[in-house]
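Open the model in your viewer and keep the selection tool at hand. This tour goes stop by stop, telling you what to select and what you will find there.

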Amino acid sequence: MNKTIRRASVFSLLLVIALLVRATWVQFYDGQALADDTNNRRNAIATYSQPLGNIIVAGNAITGSARTKGGDLAYKRTYKDGKLYAAVTGYASQAYAPTQLEGIYTDLLNGTDPGLKTIMDTLTGERADPGDVVTTIDPAVQKAAYDALGDKKGGAVAIDPKTGRILAAVSTPSYDPSQLTDANTAGGAWKRLNADPDKPMNNRALRQPLPPGSTFKLVVASAALESGLYKNVDQHTDSPDPYRLPGTVRDLANENPSAPCRNAPIRVALQYSCNNVFAKMAVDLGQDKVRAMAEKYGFNDDRQDVPVRAYPSVYPKDMDKSSTALTGIGQYDVTATPLQMAMVSAAIANGGELPSPHMVSRTVDSGGDVVHDYDADTGSKRIISARTAAQLQSAMETVVKDGTGTNALIDGATVGGKTGTAQHGENNSKTPYAWFTSFGKSDSNGKEVAVAVMVEQSDAARSEVSGNGLAAPVARAMMAAALKK
């Protein structure tokens, strides 16, 4: 064999070896990455080759699967009362990544979750039958919130204060997830929904923190009582009216100029929502103590999973005294979600202990056997003492009986609450946000519920925007539904 042929043979052999090495690398190292790639059509084909598992509310499936006509995706997701439950389910789409519970439990719902596999499935490599997600949602409370919000732009959350089970999570305006399920039509719906100025795909219940206004005064009051700044809710405070913000020439006004806010006790200050009391209280406590209490309730937690990841509610830091004063009334850079403010009321209603909020009770396999029991997982943490909680419960009841929250009264129930009207825009130039957070306890059957409602926008005249006028009636409808026998 001459030198040229020998060199050509060696070169060819090297090429073959290189190809073998590359093929081995792709198969054993890149294989899983390629299989998991979102652009891999085989994943979508496999996912939609059979009906998906379902999301369950009160024993009934609110999702389903329908046979498609033509194409390589055999099934598509369907929804019952899609708009009502969109803030809970999210969507499972042939064209877009799934969201909310559909996204979190994708593997369970399509049968690829390892917890679903039997020994035979493991041996054969076959996909298991899909499982179901059983939620904690109470359909009556969910519908009450959705109907009461109506055409308002807002969000609402209801929590069982003893168990942490989320009974309702509603965001309006809503959208029908069915619009996004079919790859042939999803693109147009996606563009329309994202172009809508009302942003119906925003989850205002869990993922849109806004200034909570005077509902945050409950957090400040908690800090004042726990720190010993004031012994009880009936001790007079040191609160001049008007209160000049430290380092400024600006006096902080109260909504009701004739309200008895000068040196008012916490009970009266909550009853009339006295800004001067809580602004000065925040300064007297100092931002660190207020922040510490806010964080006990759940503020500044960027891993608040229910199991949907909620956006963090924020209490800021590194402020001067005038800014600290404004945080005392839920302004400046304080933000909260309805979930967060429902957690505040839940802890107060539950004697100072906050159970872990969750909206999935359990996951089950195709035979109904439990894969994971989330109700059993939940613990609780003490936020405030039982004594402080009892003091605040009493003061919140005064707000509803004789104060700014009378629209939340329910016959046959003990109700406590706190209104909030948060400024919006430069120099409060835009329509304020209306808030209400509350708890209700049935006088006959022992049921309890904690609720928070935020109305971002409504058709009401600016002068009529208030927590009592817009948000409290929504909370009342939710509480009535939750407390019903």
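Contact, on this tour, means heavy atoms within 4.5 Å. Helices (H or I, at least four residues) and strands (E, at least two) are DSSP runs, numbered from the N terminus. The model is predicted: local features need pLDDT of at least 70, side-chain atom pairs count only at pLDDT 80 or more, and totals for chains, interfaces and linings use all residues. Residues are numbered from 1 along each chain as its sequence is written, and side-chain values use heavy atoms, with hydrogens and water left out.

**The whole chain**

Start zoomed out. The C-alpha trace spans about 105 × 60 × 40 Å along its principal axes. Colour by secondary structure: the protein has 17 helices and 16 strands. Of its 485 residues, 50% are buried. Buried means under 20% relative accessible area, exposed means over 50%, and partly exposed lies in between (1.4 Å probe, protein chains only). Among contacts with a separation of 6 or more, 68% join residues 24 or more positions apart.

**Stop 1: α7 and α17**

Select residues 139–149 for helix α7 and residues 467–483 for helix α17. Their axes come within 8 Å and cross at roughly 160 degrees. Axes are lines fitted to C-alpha atoms, for helices over the stretch in contact, and angles run from 0 to 180 degrees between N-to-C directions. Angles under 35 degrees count as roughly parallel, over 145 as roughly antiparallel, 65 to 115 as roughly perpendicular and the rest as oblique. α7 and α17 are therefore roughly antiparallel to each other.

The crossing of α7 past α17 is right-handed. A crossing is left-handed if the near helix is turned anticlockwise from the far one by less than a right angle, and right-handed if clockwise.

Now show side chains. From α7, pick A140, V141, A144, A145, A148 and L149; they meet V474, A477, M478, A481 and A482 in α17. By class, this contact has 11 nonpolar residues, no polar and no charged ones. Here Ala, Val, Leu, Ile, Met, Phe, Trp, Tyr, Cys and Pro count as nonpolar, Asp, Glu, Lys and Arg as charged, and the others, Gly among them, as polar.

**Stop 2: α3**

The buried ones are G82, L84, Y85, A86, A87, V88 and T89. They pack against β1 (55–57), β4 (75–79), α4 (100–104), α7 and β7 (166–172).

Step just past the end of α3. G90 takes a positive phi of about 70 degrees there.

Now compare α3 with α7. Their axes come within 10 Å and cross at roughly 110 degrees. That makes α3 roughly perpendicular to α7. In α3, select K83, L84, Y85 and V88; they meet P139, Q142, K143 and Y146 in α7. This contact has 5 nonpolar, 1 polar and 2 charged residues.

**Stop 3: Q100**

Select Q100, in helix α4. Is Q100 buried or exposed? At 14% relative accessibility, Q100 counts as buried. Leaving aside residues up to four places away in sequence, Q100 touches A86, A87, V88, T89, G90, N203, L206, R207 and V308.

Next, draw a distance line from Q100 to S273. The C-alpha atoms of these two are separated by 36 Å, and they sit 173 residues apart along the chain.

**Stop 4: the disulfide**

The torsion about the S-S bond is about -75 degrees, so the disulfide is left-handed. C261 counts as buried at 0% relative accessibility. C274 also counts as buried, at 0%.

**Stop 5: α9 and α11**

Finish with helix α9 (residues 217–227) and helix α11 (residues 275–285). They pack at an angle of about 50 degrees, with axes 10 Å apart. α9 and α11 are therefore oblique to each other, and α9 passes α11 in a left-handed crossing.

Show K217, V220, A221, A223, A224 and S227 in α9; they meet N275, F278, M281, A282 and L285 in α11. The residues of this contact divide into 8 nonpolar, 2 polar and 1 charged.

Conventions
Disulfide = S-S within 2.5 Å.
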